[in-house]
Amino acid sequence: MPRPPAGHTARRPAALAALTVSALVATVSPAPAAPGTTPDPMNRAFTRAAAAYGVPRDLLAAVGYGETHLDGHSGRPSQAGGYGVMHLVSNPVNHSLEKAAQLTGETPAELRQDTEANILGGAAVLRSHADALGLDGDERADINAWYPAVARYSGAKGPVAALYADTVYTFLAQGLRTTVAGERITVTSRPVAPEKGALASADVTAQSTDYPPALWVPAASANYATGRTATVDKVVVHVTQGSYAGTISWFQNAASQVSSHYVVRSSDGQITQMVRDKDTAYHAKSANSSSLGIEHEGFVDDPSWFTDPMYRSSAALTAHLCDHYGIPKDRSHIIGHSEAPGNDHTDPGANWNWTYYMQLVDGAGGSGSGSDELSFGAYDTQKTGSAGDQVRALQRLLDDQGYEPGAVDGLFGPATKSAVQAFQTARELPADGTVGARTWTALLSAGTTPALAQGSSGHAVKRLQRALTAALGSALAVDGSFGPATGTAVRDYQRARGLAVDGSVGAGTWTALQSGR
């Protein structure tokens, strides 16, 4: 599907026209454009909308990326009735589209179809939430103070709103880079400590009874039927046509009249169950009574949503369901929504990799093997003129975190040095462009800061293990499992840095690692 236009030359409303000359000059330094074109239109739209409404630019971009991966889908609505890059919503319980029209003076049609107007509308709505929360100028300058406003932007409440805001702040912590219609959009990684306020205790903690690795957030009772009228004999694969938290919120909305048993997040494969297996979710019309539905975050026309963590997590769930209910692991019994009798949907679409998915289902979604190209027994100093696999790993880390190292080619040239200096400056390290132990440690540990202890596992543990290898100068197995060797390394690091020595990784240890200590 073609991308939507990332803004056109129509005159924007007074709020945008009122930008100061200094703000415009500070954001414009591209090469001359061809006649009739605007270079980097989406980047300019984010910068101008952020300035117009006093919203941090990277926060605005992270919200948009979390909602749509910055794809406006040519003005077509999401499952929840949301439009454009910023997913401005018009449904019975969320009227952010209408609110954006009121605040910006744009028409609803412009907000739905025009990406520049849509981004402006998203900034206006975010600012209105900040104003309602009483954020003053100093607080608005602090990206961490926006957490409650971001949660309100979701249109959800309580734990689901916190789930939404947590995803946005994950993007801010990890950084991101994506390309839309040939234009590169970046958000640089940074340490984050969101001020959650009343939402601090709103995390989703209930676990699924049917599938313990999943969270449990029940759908509205009007959106499913209690019990079954047929034997469960198939699994139906769906794509949400919306975000993870937005879909969960929509299934909690009694007006939606839809649901699914499970929802899977794109970025890390997190699963939330919303309807018990024994009950009938409303997801596949004639197949409802005999099937289990799994929704996958994303849009059918954008393959960027279908990540390896999503495939693996979903495949493990499907394998469990097949084993538990005696469902054959074949394409006659694991089907797409489009293949269910009597349905007119197209999901999961041509971008869903059925061959890979079924291989994973057969292998129970195993972790696979092979080098991750980021893990080494020791991290050597890298500088201008260096070359090899560690330079390539350095470039990949910088690129993933929104910095600009140039080509990921294993050659440490001027662009890589500039990206290293930008990262060092952001982390308050000496900006000499040389990557020694301190910069490696900060770069390898960048991202979210979950509490980790003996028994923890996953990608955050791998980040920890790599960072400890760099910081301590001694090899630590990077296996994603927090066992005795990792605990010993943590204690050695804590002791050497004057931290509390407890062998677990909390805020203090993460802060030290991410500052390159």
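These entries go from the whole chain down to single residues.

**Ground rules**

I am working with a predicted model, where local features need pLDDT of at least 70, side-chain atom pairs count only at pLDDT 80 or more, and totals for chains, interfaces and linings use all residues. Residues are numbered from 1 along each chain as its sequence is written, and side-chain values use heavy atoms, with hydrogens and water left out.

**Entry 1: the whole protein**

I looked up the secondary structure and found 19 helices and twelve strands. Here helices (H or I, at least four residues) and strands (E, at least two) are DSSP runs, numbered from the N terminus. Next I looked up the radius of gyration, which is 24 Å and close to the 24 Å that the globule rule gives for 517 residues, so the protein is as compact as a globular protein of that length. That radius is taken over C-alpha atoms, and the rule is 2.2 Å times the number of residues to the power 0.38. The C-alpha trace spans about 65 × 60 × 45 Å along its principal axes.

Then I looked up burial. Of the 517 residues, 53% are buried. Buried means under 20% relative accessible area, exposed means over 50%, and partly exposed is in between (1.4 Å probe, protein chains only). I also looked up contacts, meaning heavy atoms within 4.5 Å. Among those between residues at least 6 apart in sequence, 62% join residues at least 24 apart.

**Entry 2: a span from the record**

UniProt, in an unreviewed entry, places the feature "domain: N-acetylmuramoyl-L-alanine amidase" at residues 222-349. I note that such annotations may be inferred rather than shown by experiment. In the model, this span is 20% helix and 20% strand. Its end C-alpha atoms lie 28 Å apart.

**Entry 3: the open sheet**

In what order do the six strands of the open sheet run? I read β5-β9-β8-β11-β7-β12, with mixed pairing. The edge strands are β5 (215-216) and β12 (334-336), and each pairs on one side only. Two strands pair if DSSP finds at least two bridges between them.

I followed β7 in both directions. Six bridges join β7 to strand β11 (residues 291-296), and the two run parallel. Val237 stands opposite Ile294 of β11. Three bridges join β7 to β12, and these also run parallel. In β12, Ile334 is the bridge partner of Val235, and Ile335 is the partner of Val236.

Why is β7 described as largely enclosed by the rest of the structure? Because six of its six residues are buried. Both of its faces are covered. Lys234, Val236 and His238 lie on one side, and Val235, Val237 and Val239 lie on the other.

**Entry 4: Lys234**

Lys234 sits in β7, which covers residues 234-239. Is Lys234 buried or exposed? I found a relative accessible area of 15%, so Lys234 is buried. I then checked its polar contacts. A polar contact is a pair of N or O atoms within 3.5 Å; within protein, one must be able to donate a hydrogen and the other to accept it, and residues adjacent in sequence count only if both atoms are side-chain atoms. The Lys234 side chain makes one with the side chain of Asp233 at 2.8 Å. It makes another with the side chain of Ser290 at 3.0 Å. Leaving aside neighbours within four places in sequence, Lys234 is in contact with residues including Ala287, Leu292, His333 and Ile335.

**Entry 5: a hairpin**

I moved to β3 (residues 176-180), which has a covered face of Leu176, Thr178 and Val180. Its uncovered face holds Arg177 and Thr179. Five bridges join β3 to strand β4 (residues 183-187), and the two run antiparallel. Leu176 stands opposite Val187 in β4. The two strands form a hairpin with two residues between them, and Ala181 in the turn has a positive phi of about 50°.

Ser481 is in the loop between α17 (459-472) and α18 (484-496). Its relative accessible area is 38%, so Ser481 is partly exposed. Gly455 is 26 residues away from Ser481 in sequence, but 7.0 Å away in space, C-alpha to C-alpha.

Gln494 lies in helix α18. Its relative accessibility is 0%, so Gln494 counts as buried. Not counting residues up to four places away in sequence, Gln494 touches several residues, among them Leu499, Asp502 and Thr509.
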